[in-house]
Amino acid sequence: MSDENLVPDDAIRPGLEFVYAAHAQLAAPIQIGDTPDGTRRIIPILSGTIDGPRIRGQILGGGSDWQVRRPDGVTVADATYGIQTDDGAVIQIRNRGLRHGPADVMARLMAGDIVDPKSYYFRTVPEFMAPLGRYTWLNENIFICSGARYSDSIRLWVWRIV
C-alpha cells in the first residue's frame, strides 16, 4: 500500500454539522465513594434546554450522569436522560465520554470554580433513541460533543459526523 492511500481525500473525510447547544441544571453530586475502578458519584440532571437548527426542546428531569474518576485522573461520564422537543417528541440520550486536564485545572473545576473549557478535555459520544418519523435521523448517525462543566450546570455542543 502506498502512502497516498493512508490519508483520505476530501471526498471521504468526515465533516461536522452542528446539531444543537444544550444547557442543563444539575443537582449536587451524590458520592458513592472509592470502588475498585475509581471514585464513583451520581450527578442528577434536573432540567435544561436544547436549541439548534433542526431540534429544540427541554431536557427532562430524572436523568443522571453516573461518573467514575479513574486512578489516572480521567473522569468517565455515562449520562442517560430524556429530552422533549418543542413539537412533543420524547427522545432518550445516552452520552458517554471523558473529561481530564492538568491537575490544577481539574481541582478548580471540582471546587466549583469557573474554568475556561478550552483548558481541559471534555468530549463525549451521544447516542439517540428517537421515535420513528421526524427525528429518525438521530438514530441513523454518529454524533460527537464538546462540553463545559460548571458548579451546578453543564453546557454541551453536539455535532453530527457527516
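Before sorting residues by class, I wrote down the rule: Ala, Val, Leu, Ile, Met, Phe, Trp, Tyr, Cys and Pro count as nonpolar, Asp, Glu, Lys and Arg as charged, and the others, Gly among them, as polar.

This is a predicted model, where local features need pLDDT of at least 70, side-chain atom pairs count only at pLDDT 80 or more, and totals for chains, interfaces and linings use all residues. Numbering starts from 1 along each chain as its sequence is written, and side-chain values use heavy atoms, with hydrogens and water left out.

**Entry: the cavity.** I looked for a cavity (on a 1 Å grid over the protein atoms alone, a set of points where a 1.4 Å probe fits but cannot get out; lining residues have an atom within 4 Å of a point). The search of the whole structure turned up one of 30 Å³ or more. The largest cavity holds about 190 Å³, its volume being the space filled by probe spheres set on grid points joined across faces, edges and corners. Its lining has 18 residues, and Ile45, Asp65, Ala79, Ile154 and Leu156 lie nearest the centre. Among the elements giving two or more residues to this lining are S5, S6 and S7. By class, I noted twelve nonpolar, three polar and three charged lining residues.

**Entry: strands around S6.** Strands (E, at least two residues) and helices (H or I, at least four) are DSSP runs, numbered from the N terminus. Two strands pair if DSSP finds at least two bridges between them. I found S6 (residues 75-85) antiparallel to S4 (residues 56-59), over three bridges; Ile59 has Ile83 of S6 as its bridge partner. S5 (residues 63-69) is joined to S6 by four bridges, also antiparallel, and Arg69 sits opposite Thr75. Five residues separate S5 and S6 in their hairpin, where Gly73 has a positive phi of about 90 degrees. S6 and S7 (residues 90-100) share ten bridges in the antiparallel sense, with Tyr81 partnered by Ile93 in S7.

**Entry: helix H1.** Which residues of H1 (residues 103-110) are buried? I listed Val105, Met106 and Leu109, taking buried as under 20% relative accessible area, exposed as over 50% and partly exposed as in between (1.4 Å probe, protein chains only). They span an arc of only 95 degrees around the axis, so they are on the same side of H1; the arc uses directions from the helix axis to the C-beta atoms. The face turned away from the buried side carries exposed Ala103 and Asp104. Just after H1, Gly112 has a positive phi of about 90 degrees.

Note on methods: On a 1 Å grid over the protein atoms alone, a cavity is a set of points where a 1.4 Å probe fits but cannot get out, and a pocket is an open set with protein on both sides within 12 Å along at least five of seven lines; lining residues have an atom within 4 Å of a point.
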